[in-house]
Amino acid sequence: MNFILIVAAVIIIDQITKYMVVKNFFLGESIPVIPNIFHWTYILNKGAAFGMLEGSRWLFVVVALAVSSGIWYFRDELGKEPLMVRLGAALFAGGAVGNLIDRILHGAVIDFFDFRIWPIFNVADIAICIGVGLVLWKIIATEFLERGNA
């Protein structure tokens, strides 16, 4: 598994989709794909996940830089981890950098997937959630396996 390739792919897909939204929508515009279920809605999120801690832009920039730097620093050790952990870390890093680019360039994160029952999100958010989920799944599975053999 090529860690850098996955990180780069997440960043590229994330930034292309955000570019398409910015170029084709007005800020605040919402177009129903499946009415009342799924819409394309262009918003700027100045907070963290679900808009929490709005206005803490530089805190998020510092945290994203620290986490991304940590993953980069430990990349050799990560290379020895199981595939699920490596993939999870790569997805997380790509998503973190994708949203970091938005915070630096726009002062907020561009979000557009709107399922109406959930806060609006983007490709980077999906990568972060899947990445964290994979790492947690591997940790939990390993714990259960070790307890089962004890």
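What share of the 150 residues in the chain is buried? Buried residues make up 35% of them. The legends below refer to a predicted model.

**Figure 1. Overview of the chain in the predicted model.** The chain holds five helices and three strands. In sequence order these elements follow the pattern α-β-β-α-α-α-β-α. Taken along the principal axes, the box filled by the C-alpha atoms is roughly 55 × 30 × 30 Å. Of the 150 residues, 35% are buried.

**Figure 2. Packing of helix H1 against helix H4.** Helix H1 covers residues 3–24, and helix H4 covers residues 83–106. The two helices pack at an angle of about 35°, and their axes lie 8 Å apart. Their crossing is right-handed. In the contact of H1 with H4 there are twelve nonpolar residues, along with five polar and four charged ones.

**Figure 3. A nonpolar patch on the surface.** The patch is formed by Ile31, Val33, Ile34, Ile37 and Trp40. Together these residues have about 410 Å² of accessible area. Strand S1, which runs over residues 30–34, gives the most to the patch, with three residues.

**Figure 4. Ile31 in strand S1.** Ile31 is one of the residues of the nonpolar patch, and its place in the chain is strand S1. Why does Ile31 count as partly exposed? The relative accessibility of Ile31 is 35%. Buried means under 20% and exposed means over 50%, so Ile31 falls in between and counts as partly exposed.

Technical notes:
Residues numbered from 1 in each chain as written. Predicted model: local features only at pLDDT ≥ 70, side-chain atom pairs only at ≥ 80, totals over all residues. Heavy atoms only, no water. Axes fitted to C-alpha atoms, helices over the stretch in contact; angles between N-to-C directions. Helix = DSSP H or I, 4+ residues; strand = E, 2+ residues; numbered from the N terminus. Left-handed = near helix turned anticlockwise from the far one by under 90°. Nonpolar A, V, L, I, M, F, W, Y, C, P; charged D, E, K, R; others polar. Patch = residues over 30% accessible without salt bridge, like charges linked within 9 Å, V, L, I, M, F, W, Y side chains within 5 Å. Areas by Shrake-Rupley, 256 points an atom, 1.4 Å probe, with all protein chains shown as cover. Salt bridge = Lys/Arg side-chain N within 4 Å of Asp/Glu carboxyl O. Buried < 20%, exposed > 50% of the residue type's maximum accessible area, 1.4 Å probe, protein only.
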